[in-house]
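Take a slow walk through this model with the sequence beside you.

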Amino acid sequence: GLLVPEEFINIAEDTGQVVALGKWVLDRACQQGSDWQPVDIGRQLTISVNVSPRQMLDGHLCDYVREALEASGLPATALVLEITERTLMVNSPLIRQQLDELKQLGVRLAIDDFGTGYSSLAYLRSFPIDIVKIDKSFVAALDEDEQAVALVHSIISIAEALGLDTVAEGVETPTQLETL
């Protein structure tokens, strides 16, 4: 039957199967992204893929990305890899090396669910990040919580000051859209 990611990702992560699963997802996403690239609209669509800490620590992520891009014909600039704060917390030279290599390929990097983990503004300065994704829990609270409005405003302001793009997840109401 149909399983949502929350039902199997932790098991895949614990057993190491997330590396093979992630490679398959990356291959499929790049192919689909390539198929969806519009002709003559003057813009490039992007496709985002979540990457787990285990995939980063495997040491082969850059090779998998390079292979998926070459096989699909998707431009590297059309691929966004979403990395959680938890991944950045793992103080590993291998993760830093992988991030730097991904940037050299032209892939864009996003911090996913920003503000929900052990957020550190240092991540925004010390890692080659392009996009900050504001977690949907903050966005959902925009309708009735002034503190959420202040936090989201602050995150957007910081991202703008650092030249980063910002994505808000889970926008569901006109009020949320207007506030953003």
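What covers the buried residues of α2 includes α1 (9–15), β1 (47–51), α3 (53–58), α4 (61–72) and β2 (79–84). Contact here means heavy atoms within 4.5 Å. Helices (H or I, at least four residues) and strands (E, at least two) are DSSP runs, numbered from the N terminus.

A word on the source: this is a predicted model, where local features need pLDDT of at least 70, side-chain atom pairs count only at pLDDT 80 or more, and totals for chains, interfaces and linings use all residues. Residues are numbered from 1 along each chain as its sequence is written, and side-chain values use heavy atoms, with hydrogens and water left out.

Start with helix α2, residues 17–36. Its 20 residues reach 28 Å from the first C-alpha to the last, close to the 28 Å expected at 1.5 Å a residue. The expected span is 1.5 Å times one less than the number of residues. Which residues of α2 are buried? They are Val18, Val19, Gly22, Leu26, Ala29, Cys30, Gly33 and Ser34. Seen down the axis of α2, these buried residues fall within an arc of 130°, so they line one face of the helix. The arc is that of the directions from the helix axis to the C-beta atoms. An α-helix has 3.6 residues a turn, so residues three or four places apart point the same way. The face of α2 turned away from the buried side carries the exposed residues Trp24 and Asp35. Buried means under 20% relative accessible area, exposed over 50%, partly exposed in between (1.4 Å probe, protein chains only).

Now look at α4. Its end C-alpha atoms are 16 Å apart, which agrees with the 16 Å that its 12 residues should span at 1.5 Å a residue. The buried residues of α4 are Leu61, Cys62, Tyr64, Val65, Ala68, Leu69 and Ser72. They fall within an arc of 160° seen down the axis of α4, so they line one face of the helix. Glu70 and Ala71 are exposed on the face turned away from the buried side. The cover over the buried residues of α4 includes α2, β1, α3, β2 and α6 (93–105). Just after α4, Gly73 takes a positive phi of about 80°.

Next come the spaces. On a 1 Å grid over the protein atoms alone, a cavity is a set of points where a 1.4 Å probe fits but cannot get out, and a pocket is an open set with protein on both sides within 12 Å along at least five of seven lines; lining residues have an atom within 4 Å of a point. Grid points are joined across faces, edges and corners, and a volume is the space filled by probe spheres set on the points.

The largest pocket has a volume of about 780 Å³. Of its 27 lining residues, the closest to the centre are Pro5, Ile9, Asn50, Val51 and Ser52. α2 gives the most to this lining, with 5 residues.

The structure holds 1 cavity of 30 Å³ or more. About 40 Å³ of space lies in the largest cavity. Its lining is Val19, Gly22, Lys23, Leu26, Gln55, Asp58, Leu61 and Tyr64.

End at Thr87, in helix α5 (residues 85–89). Is Thr87 buried or exposed? Thr87 counts as buried, because its relative accessibility is 0%. Leaving aside neighbours within four places in sequence, Thr87 is in contact with Val51, Ser52, Pro53, Met56 and Ile95.
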